[in-house]
Amino acid sequence: MAAALVVGGSAARRVAAALLVAAGAALPWLSPARPLLRVLLSLVALMAFLRTVQFAFPPGPWPGRLRLWQLFVLFDVRRTRFVGPAVDGRVLGKVLLQGALAGGAVLALTRLGGLPDQAHALARVVCAAVLLYAVTGGSSGIMQFGHRLVGIEVPSNQHVPILARTAGEFWGQRWNRSVSQWLRLFVFRPLARRHRPALGLLSAFAVSAAMHSWLAGVALGAHAAMMMGGYFLVQGGVVLAERYLNARTWPAPVARAWTVIVLLSPSPLGIDPFLRVLGL
């Protein structure tokens, strides 16, 4: 985290920040070999890296108070606005619903043992997808609810991902928008301007694959890293194919069915490491 706070325009500050990021990346490897602990430490190190890059190449000024705030949230703090403190019942309701879904998914995952192999594999994928969807949506909602209590309105990090009509819309506009915005700004746009949009798109997914591979690899080893990375590389190919197929023009039922299929079909590559980290 210190790296994101010290980085600046001078070469010395950037070198210092790079050394601090490297030290943070080494910490998970030195921790006890407990998958969940290592993933949590890796997430902190990854967040520090993302924010360090964001502050080192800013589209605008980043004063210290904004940097400190940005380090701990999953939205662009410059897009917030101050409003009257309030209890947002709508957001609270969504958080409670997401919590119930997450609890139900965990309970179901612990009771799949008696199913035949194929049914077990399918149920495991569906339950894990519901769990991941609920946890990410709930986390975003908690941030929104907490900030609104003190009078700050913030954008949601999740934008109803289930309504996506293409995989490109899912990853680029609805799912984990803070990371997709980072990838768009620091990977996609520089390459798309200088070369081709397709190269920028595939590079963005390759960087995403590397990030997720590192998280899985630190916790579970090389095989899990390859599985996790493979899922995001497949998604990059899917999004590129959608552009050539002009999937955005398809009828809504066909487009949504396509999106569910291409997201879930290869998902065991990412779901297996995710559930192993949780011990499920």
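Here are a few friendly notes on the structure above.

1. Before you start: this is a predicted model, in which local features need pLDDT of at least 70 and side-chain atom pairs count only at pLDDT 80 or more, while totals for chains, interfaces and linings use all residues. Residues are numbered from 1 along each chain as its sequence is written, and side-chain values use heavy atoms, leaving out hydrogens and water.

2. Begin with the secondary structure: the protein chain has twelve helices and two strands. Helices (H or I, at least four residues) and strands (E, at least two) are DSSP runs, numbered from the N terminus. Their order along the sequence is α-α-α-α-β-α-α-β-α-α-α-α-α-α.

3. Next, the overall dimensions. The C-alpha trace spans about 60 × 50 × 45 Å along its principal axes.

4. Of the 280 residues in the protein chain, 42% are buried, meaning under 20% relative accessible area (1.4 Å probe, protein chains only).

5. Now zoom in on one residue, Ser-203, in helix α9 (residues 197-220). Is Ser-203 buried or exposed? Ser-203 counts as buried because its relative accessible area is 19%. Its side chain reaches the backbone oxygen of Leu-199 at 2.7 Å. Leaving aside residues up to four places away in sequence, Ser-203 touches Val-187 and Leu-191, where contact means heavy atoms within 4.5 Å.

How values were computed:
Buried < 20%, exposed > 50% of the residue type's maximum accessible area, 1.4 Å probe, protein only. Polar contact = N/O pair within 3.5 Å; in protein donor to acceptor, adjacent residues only side chain to side chain.
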